Amino acid sequence: MDSVPILKIGDVLLVSIQTDLQDEAVMALQESLAERISSTGASGVIIDISVLDVVDSFAGRMLATVAAISRVLDAETVVVGMRPAVAITLVEMGLSLDGIKTALDLERGMRLLSGDGALA
Amino acid sequence: MTRRELPINDDGDVVRVRQLVRSVAVDARLSLVEQTKLVTAASELARNTLTYGGGGAATVEHITNGTKSGVRAIFRDKGPGIADLDLALTDGYTSGKGLGLGLGGARRLVDEFSVESSPGSGTTVTVTKWAR
Ligand SMILES: Nc1ncnc2c1ncn2[C@@H]1O[C@H](COP(=O)(O)OP(=O)(O)O)[C@@H](O)[C@H]1O
Ligand SMILES: [Mg+2]
């Protein structure tokens, strides 16, 4: 099982999804991210999905769950790097990712969070 | 033409089915967006085979019709079957803890979609996507 590295940049935790996540890795990620948010007091989480060439409803639910956990721990989540073909597919599938903020890339994601006061 | 079968008995198999569908879609010259839609649909269906069908298999082949080139993928299981297909296809309906978008979403993402299922005899879902 590959674990997903979580980097801390200022007040923000950066999670770069490396490959297709399987169930166990998703559970492990949710747990370690929750721990890191509470131990670091991070106010923002960026999830980089630029390597994912497919986001199905399982992965979509994973993103929504991570965002929900972060929100409860008072951190805001931004998903960055979604590929255009993935975005088109998600819309057609009807997976709206409601409540998840997105940005085109890491830089814009950081700016979005700092605009919300996360880096202040 | 390429025709390959893979078992679907665990999470890793779902990933392998996605990879196989992707490579056959590339062979069939589907565009990147078409590939992505088909692979996403295949991922939903393979996961249903695993989660609700108790495991099964997928057959993936490059097909042609005159000058048209496409991919057909078949997902089979010998699970409990789907009693109410209209309900199962309804967006948001899940009997488990999914998002209920797999079947309906897969149907929207492909060109041809059919389900054969009856309680007790398992489920077979066949999808086809053509290169434009
Ligand atoms: N292969 C299958 N065998 C039995 N039931 C199935 C199968 N595929 C789908 N279903 C039923 O259809 C419902 C809807 O499926 P789907 O749209 O993929 O949503 P989800 O996977 O989120 O539940 C499932 O909850 C299940 O009850
Ligand atoms: Mg499903």
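# Questions about a predicted model

Visitor: Why is A:Val66 called buried?
Guide: Its relative accessible area is 2%, and buried means under 20%, with exposed over 50% and partly exposed in between (1.4 Å probe, protein chains only). So 2% puts A:Val66 in the buried class.

Visitor: What are we looking at, by the way?
Guide: It's a predicted model, where local features need pLDDT of at least 70 and side-chain atom pairs count only at pLDDT 80 or more, while totals for chains, interfaces and linings use all residues. Residues are numbered from 1 along each chain as its sequence is written, chains are lettered from A and ligands numbered from 1 in the order in which they are written, and side-chain values use heavy atoms, leaving out hydrogens and water.

Visitor: How confident is the predictor in chain B?
Guide: pLDDT is its confidence in each residue, from 0 to 100. Chain B averages 96, and 99% of the residues score at least 70. For the complex, the predictor gives an ipTM of 0.93 and a pTM of 0.93.

Visitor: Where is A:Val66, and what is it in contact with?
Guide: You'll find A:Val66 in helix H2 (residues 57-72) of chain A. Helices (H or I, at least four residues) and strands (E, at least two) are DSSP runs, numbered from the N terminus. Contact means heavy atoms within 4.5 Å. Setting aside neighbours within four places in sequence, A:Val66 is in contact with A:Gln30, A:Leu33, A:Ile47 and A:Thr77.

Visitor: What makes A:Ser57 count as buried?
Guide: Its relative accessible area of 10% falls under the cut-off, so it counts as buried. Beyond neighbours within four places in sequence, its contacts are A:Met93, A:Leu95, B:Glu44 and B:Leu99.

Visitor: And why is A:Ala34 described as partly exposed?
Guide: At 22% relative accessibility, A:Ala34 lands in the in-between class. It is in helix H1 (residues 23-40) of chain A.

Visitor: Why are H3(A) and H2(B) called oblique to each other?
Guide: Start with how packing is put into numbers: two packed helices are described by the angle between their axes and the distance between the axes. Axes are lines fitted to C-alpha atoms, for helices over the stretch in contact, and angles run from 0 to 180 degrees between N-to-C directions. The axes of H3(A) and helix H2 (residues 32-51) of chain B come within 9 Å and cross at roughly 50°. Under 35 degrees is roughly parallel, over 145 roughly antiparallel, 65 to 115 roughly perpendicular and the rest oblique. H3(A) and H2(B) are therefore oblique.

Visitor: How do you know that H3(A) is oblique to H4(B) as well?
Guide: The axes of helix H3 (residues 84-93) of chain A and helix H4 (residues 102-109) of chain B come within 8 Å and cross at roughly 120°. That angle makes H3(A) oblique to H4(B). The contact is made by A:Thr89, A:Glu92 and A:Met93 of H3(A), together with B:Gly105, B:Arg108 and B:Leu109 of H4(B).
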